[in-house]
Amino acid sequence: MTNRKQHIADVALRLFGEKGFDNTSTQLIAREAGVSEALIFKHFGSKDQLLEFVIRSGYKRIIEANRGGLTEPDSLTFIHSVIELPFKLVRDEPYFWKLQYRLADSEMARQQHERFMRPLPTLLHQAFQKLQYPDPDKETALLLLLVEALWKTEATKTEDYGQDMPGFIKGKYRAQ
């Protein structure tokens, strides 16, 4: 991939995250990136294809940056790492998660998010079983709801929990 193509995608990510997809024109992206609007269409074909590239490459970056992060053999440590995950993800890629939040109605963005989250339910269920929780299914569902709410809250900064919230939630989970 050319550096200019990635630069355009990076600028688009920032603008889509700040202003939303519908409120960001390719003309604005071109101006902010210091390129012609024609170059955007040459590299991406359309604004929708640029968005798809931004989402797919964003998840690819996130997966690469967190590879091995969910392979903790100790069940309690694994659960704690899942609790930390939304805070880490938003801290590392704030514009990406702001954009993902804004795209809640986008089928493509939702599919990418579901693919990203796919391993978690099984892994959490196994961890709760190993810790002998009486209802691993409900514990898994509850923690996944918390993770979803936390990344959305962090991405939109509707609340500033600082470091208190992860510690508070971790305190709720212990070996049974």
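The charged end of Lys 47 sits over the ring of Phe 21, 4.3 Å from the ring centre. A charge sits over a ring if NZ of Lys or CZ of Arg is within 6 Å of the ring centre and within 35 degrees of the ring normal. The model is predicted: local features need pLDDT of at least 70, side-chain atom pairs count only at pLDDT 80 or more, and totals for chains, interfaces and linings use all residues. Residues are numbered from 1 along each chain as its sequence is written, and side-chain values use heavy atoms, with hydrogens and water left out.

The chain has 10 helices and 0 strands. Helices (H or I, at least four residues) and strands (E, at least two) are DSSP runs, numbered from the N terminus. Along the sequence the pattern reads α-α-α-α-α-α-α-α-α-α. The C-alpha atoms fill a box of roughly 60 × 30 × 25 Å, taken along the principal axes. Of the 176 residues in the chain, 43% are buried. Buried means under 20% relative accessible area, exposed means over 50%, and partly exposed lies in between (1.4 Å probe, protein chains only).

The UniProt record, an unreviewed entry, gives the annotation "DNA-binding region" to residues 25–44. UniProt positions are given in the numbering used here, feature names are shortened, and annotations may be inferred rather than shown by experiment. In the model, this span is 80% helix and 0% strand. Its end C-alpha atoms lie 14 Å apart.

Aromatic rings were examined next. A pair of aromatic rings is described by the distance of the centres and the angle of the planes. Rings of Phe, Tyr and Trp (its six-membered ring) pair if their centres lie within 6.5 Å; planes under 30 degrees apart count as stacked, over 60 as edge-to-face and the rest as tilted. A search of the whole structure finds 11 aromatic pairs. In one of them, the rings of Tyr 133 and Tyr 173 have centres 6.3 Å apart and planes at 40 degrees, so the pair is tilted. Tyr 133 lies in the loop between helix 8 (119–130) and helix 9 (136–156), and Tyr 173 in the segment after helix 10 (164–170), so the pair ties together parts that are 40 residues apart in sequence. Tyr 133 is buried, at 8% relative accessible area. Tyr 173 is also buried, at 5%.

The loop between helix 8 and helix 9 also holds Gln 132. Its phi is near 60 degrees, a positive value in a residue other than glycine. Most residues other than glycine have a negative phi. Gln 132 is exposed, with 59% relative accessibility.

Ring pairs also link Tyr 59, Phe 96, Trp 97, Phe 116 and Trp 151 into a cluster. Phe 96 lies in helix 6. At 0% relative accessibility, Phe 96 is buried. Phe 96 and Phe 16 are 80 residues apart in sequence, yet their C-alpha atoms are 8.6 Å apart in space.

Rolling a probe the size of a water molecule over the atoms shows where empty space is left. On a 1 Å grid over the protein atoms alone, a cavity is a set of points where a 1.4 Å probe fits but cannot get out. A pocket is an open set with protein on both sides within 12 Å along at least five of seven lines, and lining residues have an atom within 4 Å of a point. Grid points are joined across faces, edges and corners, and a volume is the space filled by probe spheres set on the points.

The count comes to 1 cavity of 30 Å³ or more. The largest cavity has a volume of about 30 Å³. Its lining includes Trp 97, Phe 116 and Trp 151, which also belong to the ring cluster. Helix 5 (75–92), helix 7 (107–117) and helix 9 each supply at least two lining residues. By class, the lining has 8 nonpolar, 1 polar and no charged residues. Ala, Val, Leu, Ile, Met, Phe, Trp, Tyr, Cys and Pro count as nonpolar, Asp, Glu, Lys and Arg as charged, and the others, Gly among them, as polar.

The largest pocket holds about 240 Å³ of space. Among its lining residues are Arg 67, Gly 68, Arg 115 and Phe 116. Helix 4 (47–65), helix 7 and helix 8 each supply at least two residues of this lining. The classes are 7 nonpolar, 3 polar and 2 charged residues.

The second largest pocket has a volume of about 170 Å³. Its lining includes His 113, Glu 148 and Trp 151. The lining has 4 nonpolar, 2 polar and 4 charged residues.
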